[in-house]
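Please read this briefing alongside the sequence and the coordinates. The points are grouped by topic.

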Amino acid sequence: MAILLSFTSGNEALLPQELAARTGMPLPTIYRLAQALSEHGMLMKDGIRFRLGITLARLGMMAIEGVDVRQKARPHLEWLTAQTEENAELHIRHESSRLVLEVVSSPHNLRPFTDVGTPLPLHQGAAGKVLLAWLPENERTSLIAGSRARFPEGAPFDEQRYEEELSRVRDYGWSFSDGERFSGVSALAAPIWNAGGHIAGAMTLVAPSARLTAEKRKRFVPLVQEAARRTSHDLGSAQ
């Protein structure tokens, strides 16, 4: 697992010496384990380097298919993109990060700003605030600290200001961010609730800031909330 998690992108090809440096394992151990992983398709050889193997992609898709919120959200993501002509994404919380679980792309041929399955900061972005806002305070504080430790880059963090922002998210029922992770990229997000009354994900609209003007935000917020409400209903939520 340490070897697999040492890869930071799907395009990366690492030398055994690089894997040893990233994992802290002895080089002979790296050779032995990397060879075993290759035999099972978890890694594949690229000359003298190793890449992530195709078996991981198959397992990843199986895991995603097993997440009910993705199946329920997909038609409502498609509806949201049809209404706005912008990228619609489903974000979920995973430990102290968030993941993009599904994307429906804009007809403007705008590629997703983040690949499906990539860990993102939980304390940054509209979706992150939605995933945090309704949690108990002690759990929220712990997750924010974990996210900041894992993703230290970004603007200086003001705890009081951030808590005030989360309070507004709870009051309004939606969140907005502009350039918090990528300059020139904005997002709107609303909570998806499950049958147990817990946050199951964040319905998120992502667009270039130049297109997501104040006028469009006013028009798109109810659409994001409606897509989230429909998904929540399909998950059995009474909210």
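What follows describes the sheet, the packing of helices, the nonpolar cores and some backbone details.

This is a predicted model, in which local features need pLDDT of at least 70, side-chain atom pairs count only at pLDDT 80 or more, and totals for chains, interfaces and linings use all residues. Residues are numbered from 1 along each chain as its sequence is written, and side-chain values use heavy atoms, with hydrogens and water left out. Helices (H or I, at least four residues) and strands (E, at least two) are DSSP runs numbered from the N terminus, and two strands pair if DSSP finds at least two bridges between them.

**The six-stranded sheet**

- An open sheet of 6 strands runs in the order β5-β4-β3-β8-β7-β6, and its pairing is antiparallel.
- The edges are held by β5 (119-121) and β6 (175-178), each of which has a single partner strand, so one side of each is left without a neighbour in the sheet.
- Direction ignored, neighbouring strands of this sheet are turned by 35° against each other on average, where axes are lines fitted to C-alpha atoms, for helices over the stretch in contact, and angles run from 0 to 180 degrees between N-to-C directions.
- Strand β3 (residues 87-94) pairs with strand β8 (residues 199-208) in the antiparallel sense over 5 bridges; Ala-202 in β8 is the bridge partner of His-91, and Asn-87 stands opposite Val-206 in β8.
- The antiparallel pairing of β7 and β8 extends over 9 bridges, with Trp-193 opposite Ile-199 in β8.
- β7 and β8 form a hairpin with 5 residues between them, and Gly-197 in the turn has a positive phi of about 80°.
- Because 9 of the 10 residues of β8 are buried, this strand is largely enclosed by the rest of the structure; buried means under 20% relative accessible area, exposed over 50%, and partly exposed in between (1.4 Å probe, protein chains only).

- Helix α6 (residues 125-133) and helix α8 (residues 159-172) pack at an angle of about 80°, and their axes are 9 Å apart.
- The two helices α6 and α8 are therefore roughly perpendicular to each other, given that angles under 35 degrees count as roughly parallel, over 145 as roughly antiparallel, 65 to 115 as roughly perpendicular and the rest as oblique.
- On the α6 side this contact (heavy atoms within 4.5 Å) is made by Lys-129, Val-130, Leu-132 and Ala-133, and on the α8 side by Tyr-162, Glu-165, Leu-166, Val-169 and Arg-170.
- The residues of the contact of α6 with α8 divide into 6 nonpolar, no polar and 3 charged, where Ala, Val, Leu, Ile, Met, Phe, Trp, Tyr, Cys and Pro count as nonpolar, Asp, Glu, Lys and Arg as charged, and the others, Gly among them, as polar.

**Nonpolar cores**

- The largest nonpolar core has 25 residues, and those with the most contacts inside it are Val-69, Leu-80, Ile-192 and Met-203; such a core is a set of buried Ala, Val, Leu, Ile, Met, Phe, Trp, Tyr and Cys residues joined through side-chain atoms within 4.5 Å.
- At least two residues of this core are supplied by each of α5 (68-84), β3, β4 (97-104), β7, β8 and α9, and α9 gives the most, with 6 residues.
- Leaving aside neighbours within four places in sequence, Met-203 is in contact with residues including His-76, Leu-77, Leu-80, Glu-89, Ile-192, Val-224 and Thr-231.
- A second, separate core of 18 residues includes Leu-122, Ala-127, Leu-135 and Ala-202.

**Backbone details in the loops**

- Most residues other than glycine have a negative phi, and most peptide bonds are trans.
- Glu-85, found in the loop between α5 and β3, has a positive phi near 60°, and at 40% relative accessibility Glu-85 counts as partly exposed.
- Glu-95, which lies in the loop between β3 and β4, has a positive phi near 55°, and at 56% relative accessibility Glu-95 counts as exposed.

- Strand β1 (residues 43-46) and strand β2 (residues 49-52) run antiparallel and are joined by 4 bridges, with Leu-43 opposite Leu-52 in β2.
- The hairpin of β1 and β2 has 2 residues between the strands, and Gly-47 takes a positive phi near 70° there.
- Pro-28 has its place in helix α3 (residues 27-39) and is exposed, with a relative accessible area of 61%.
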